[in-house]
Amino acid sequence: MRESRAIATRWGLTLPQFDVLAELARDTNPGGFTFAHLSRLLLVTSGNLTGIVDRLEEQELVRREPDKKDRRV
């Protein structure tokens, strides 16, 4: 944990933001993650995940893409 926190801090990230980016980096699905899937993997609520992803998006570290078939995704 200490090493992960140090790495995250070095890049100006919180540990939850680092966790999201690490999970996205491990993703083998070219379509990315839904919020529901990512929140289950990280064991956080989708509400908390929204805030984390909002801040990552502001830093241009992630990008959201709406599903053309389902506006809720």
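Hi everyone, thanks for coming. Please keep in mind throughout that we are looking at a predicted model.

Let me begin with the charged side chains. How many salt bridges does the structure hold? The count is four, and I'd like to walk you through some of them.

Start in helix α2, which covers residues 15–26. There, Glu23 pairs with Arg26, and their closest N and O atoms are 3.0 Å apart. The two partners sit three residues apart in that helix, about one turn. Now, is Glu23 buried or exposed? With a relative accessibility of 15%, Glu23 is buried, because the cut-off for that label is under 20%. Arg26, on the other hand, is exposed, at 55% relative accessible area.

Next, please find Arg64. Which residues does Arg64 bridge to? One partner is Asp54, with the closest N and O atoms 2.6 Å apart. Arg64 is in the segment after α4, while Asp54 belongs to helix α4 itself (46–58), so this pair ties together parts that are 10 residues apart in sequence. The other partner is Glu57, where the closest N and O atoms are 2.8 Å apart. As for accessibility, Arg64 is partly exposed at 31%, Asp54 is partly exposed at 30%, and Glu57 is partly exposed at 29%. Through shared partners, the salt bridges join Asp54, Glu57 and Arg64 into one network.

Hold on to Arg64, as we meet that residue again in the largest pocket. This pocket has a volume of about 710 Å³. It is lined by 21 residues, and those closest to its centre are Gly31, Phe33, Arg63, Arg64 and Glu65. Which helices contribute to the lining? At least two residues come from each of α2, α3 (35–42) and α4. The biggest contribution is from α3, which gives three residues.

From the pocket we can follow Phe33, which lies among the residues closest to the pocket centre, into the largest nonpolar core. This core has 10 residues in all: Ala8, Leu13, Val20, Phe33, Leu38, Leu49, Ile52, Val53, Leu56 and Val62. Which helix provides the largest share of the core? That would be α4, with four residues.

Setting aside neighbours within four places in sequence, Leu13 contacts Ala8, Phe18, Leu21, Leu56, Gln59 and Leu61. Two of those contacts, Ala8 and Leu56, are core members too.

Last topic: the backbone. Take Leu43, in the loop between α3 and α4. Leu43 has a phi near 60°, which is positive although the residue is not a glycine. Its side of the story on accessibility is that Leu43 is exposed, at 76%. Glu60 is another case, also with a positive phi near 60° in a residue other than glycine. You will find Glu60 in the segment after α4, and Glu60 is exposed as well, at 71% relative accessible area.

That's my tour. Happy to take your questions!

Methods
Residues numbered from 1 in each chain as written. Predicted model: local features only at pLDDT ≥ 70, side-chain atom pairs only at ≥ 80, totals over all residues. Heavy atoms only, no water. Buried < 20%, exposed > 50% of the residue type's maximum accessible area, 1.4 Å probe, protein only. 1 Å grid on protein atoms, 1.4 Å probe; cavity = no way out; pocket = protein on both sides within 12 Å on 5 of 7 lines; lining within 4 Å. Points joined across faces, edges and corners; volume = space filled by probe spheres on them. Core = buried A, V, L, I, M, F, W, Y, C linked by side-chain atoms within 4.5 Å. Contact = heavy atoms within 4.5 Å.
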